[in-house]
Amino acid sequence: MNCASPLGSHRTTCRNSTAWSRRGELFRAAGWPLAALQTQDILFPVVEVQLHYEAPARYDDELVIEVVATEFDRLKVTFAYGVSNARNQIILTGHTRHVCTGLDEKPKRLPPEIFHKLNHVFTGAPLPAASPRSPKLPH
C-alpha cells in the first residue's frame, strides 16, 4: 500500500477490499486514527453516499482504489472514490459525505489543533507554526 500523497489521497492495490475502508487510512496518515478520534468524543458518520457503477468487477480482479478528500472544514468532510481494475478500466466512482459529531451524534466542530493536523494531510496545507502559548499536538 502507498499512503504518501501530499494532496490527501490514498492509492492502493488490493484484493477483497472496499474503497470505504480506505478513508480510515487518511485519518491514520494524519496521526489521528478514527479510534483515537472517538476517544476525543469525535465521530464522522456518513450522511450521504453516491455511487456510479461503470463496469463489473470480477472475482480475483486486482483493483486499484483511490480516495481523495475533496471538501474538508471543521464540521464536514467529503471523500471521492475511484475503483479501477489492472487494465485501468474504471469500475466505480462515488463519494461519501461525513459530518463531525460527538458520541451523542450531535454536530460539533473539530478542535482547531485536530483540524489543522487533518487538514495538512487531506489538503496539503501547511501546519500552523506552534507558538509558546499553543498546546502541542498530541499525535
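Which side chain meets D41 in a salt bridge? K108 does, at 3.3 Å, N to O.

This is a predicted model: local features need pLDDT of at least 70, side-chain atom pairs count only at pLDDT 80 or more, and totals for chains, interfaces and linings use all residues. Residues are numbered from 1 along each chain as its sequence is written, and side-chain values use heavy atoms, without hydrogens and water.

View A. A salt bridge puts a side-chain nitrogen of Lys or Arg within 4 Å of a carboxyl oxygen of Asp or Glu. Helices (H or I, at least four residues) and strands (E, at least two) are DSSP runs, numbered from the N terminus.

**View B. Salt bridges that share partners join E48, E71, D73, K76 and R97 into one network.** K76 meets D73 at 2.5 Å, N to O. R97 pairs with E71, their closest N and O atoms 3.9 Å apart. R97 is in strand β5 and E71 in strand β3.

**View C. Helix α3 spans residues 112-123.** From first C-alpha to last, α3 reaches 15 Å, close to the 16 Å expected at 1.5 Å a residue. That expected span is 1.5 Å times one less than the number of residues. Buried residues (under 20% relative accessible area, 1.4 Å probe, protein chains only) of α3 include I114, F115, L118 and F122. Their cover includes α1 (23-29), α2 (34-39), β3 (63-72) and β4 (76-85), by contact (heavy atoms within 4.5 Å).

Notes: Buried < 20%, exposed > 50% of the residue type's maximum accessible area, 1.4 Å probe, protein only.
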